[in-house]
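Let's take a walk through a protein model together. Have a look at the sequence and the 3D view, then read on.

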Amino acid sequence: MFDYFGLEGQTAIVTGSGNGIGRATAIMLADLGANVMVCDIETDSAKKVEEEILGRGGKAVSNRCDVTKLEEIKETIRKTVEAFGTVDILVNNAGIGSVSLPFEEITDEQWEQMIKVDLTAPFYVCREVIPYMKEQKHGKIINISSGSGIIGCEFCSHYASAKAGLIGFTQSIAKELAMDRINVNVIAVPTTQTPMLKETEFDIFVEDELRDIPWGRIGVPEDIADMVLYLSSDSSEYVTGQILAP
């Protein structure tokens, strides 16, 4: 029987994979047979995840990558291709959040940094990876957005704006790349227990949040990694330009 979720021989780049959703995703893809480039701005964290994957019998390399710096993106892709031959799967997971701020108190610098990391950086990485996927007429791109990009988010308008832009970017390039059999989808991640969540003031709103979640709990990184697995695998061959919004 054909294994729709087997990723043997596939190579994945997962940005921001030193912890949280990225870490869970990198480990899960490797467990299913993918070669994984673990890249993060935190070099030590990326190295630890690489070692964890290798210890589980998987294949991985790691590299520092500040996704706002084009030269570091190019170097990460170069090392991936050098190690594994090509790039089949890209998970644009790296991102930043913010403490709650009324929009009129957001500085120019805070606005620009949010857009740069959460929207411009995925554009950079996609642009550098897509030529490899076009050449082989195959590829899977999964962008990690947020539910805030769909419904907005009070006191984090810069974050919601960047994540909404990422959704629009995803749906646009999905149409452009369909002829090359490159699937491009986006996950509008719900509130998830990650290190980034701890940096916000989420505890203030946790009771209200839980009332709106049918499952009655906050998401964990592995919940999102499961969705990435589906969108990375052959089981989603006919799925592109979609928003997976749990």
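Which elements each supply at least two residues of the lining of the largest cavity? They are β1 and α3. Keep in mind as you look around that this is a predicted model.

## The cavity

The structure has 1 cavity of 30 Å³ or more. The largest cavity holds about 40 Å³ of space. How do we know that space is empty? Rolling a probe the size of a water molecule over the atoms shows where empty space is left.

Around the largest cavity you'll find Ile13, Thr15, Cys39, Cys65, Ile73, Thr76, Ile77 and Val125. Helix α3 gives the largest share of that lining, with 3 residues. This helix covers residues 70–84 and lies across β1, β2 and β3, running at about 160° to β3.

## The sheet

Now for the strands. There are 7 of them in an open sheet, and they go in the order β3-β2-β1-β4-β5-β6-β7, with parallel pairing. At the edges sit β3 (59–64) and β7 (243–244), each of which pairs on one side only.

Let's zoom in on a few neighbours. Strand β1 (residues 11–15) pairs with β4 (residues 89–92) in the parallel sense, over 3 bridges. Strand β4 is also joined to β5, in parallel, by 4 bridges. Valine 91 of β4 is a handy landmark here: valine 14 stands opposite it, and its bridge partner in β5 is isoleucine 142.

## An enclosed strand

Is β5 buried or exposed? Of its 8 residues, 8 are buried, so β5 is largely enclosed by the rest of the structure.

In a regular strand the side chains alternate between the two faces of the sheet. You can follow this along β5: Gly139, Ile141, Asn143 and Ser145 point one way, while Lys140, Ile142, Ile144 and Ser146 point the other way. Both sets are buried.

Pick out asparagine 143, which has its place in strand β5 (residues 139–146). Why does asparagine 143 count as buried? Because its relative accessibility is 0%, and the cut-off for buried is under 20%.

So who are its neighbours? Leaving out residues up to four places away in sequence, asparagine 143 touches Asn92, Cys126, Leu166, Phe169, Thr170, Val184, Asn185, Val186 and Ile187. With one of these, threonine 170, there is also a polar contact: the two side chains are joined at 2.8 Å.

Terms used
Residues numbered from 1 in each chain as written. Predicted model: local features only at pLDDT ≥ 70, side-chain atom pairs only at ≥ 80, totals over all residues. Heavy atoms only, no water. Buried < 20%, exposed > 50% of the residue type's maximum accessible area, 1.4 Å probe, protein only. Polar contact = N/O pair within 3.5 Å; in protein donor to acceptor, adjacent residues only side chain to side chain. Contact = heavy atoms within 4.5 Å. Pairing = 2+ DSSP bridges. Axes fitted to C-alpha atoms, helices over the stretch in contact; angles between N-to-C directions. 1 Å grid on protein atoms, 1.4 Å probe; cavity = no way out; pocket = protein on both sides within 12 Å on 5 of 7 lines; lining within 4 Å. Points joined across faces, edges and corners; volume = space filled by probe spheres on them.
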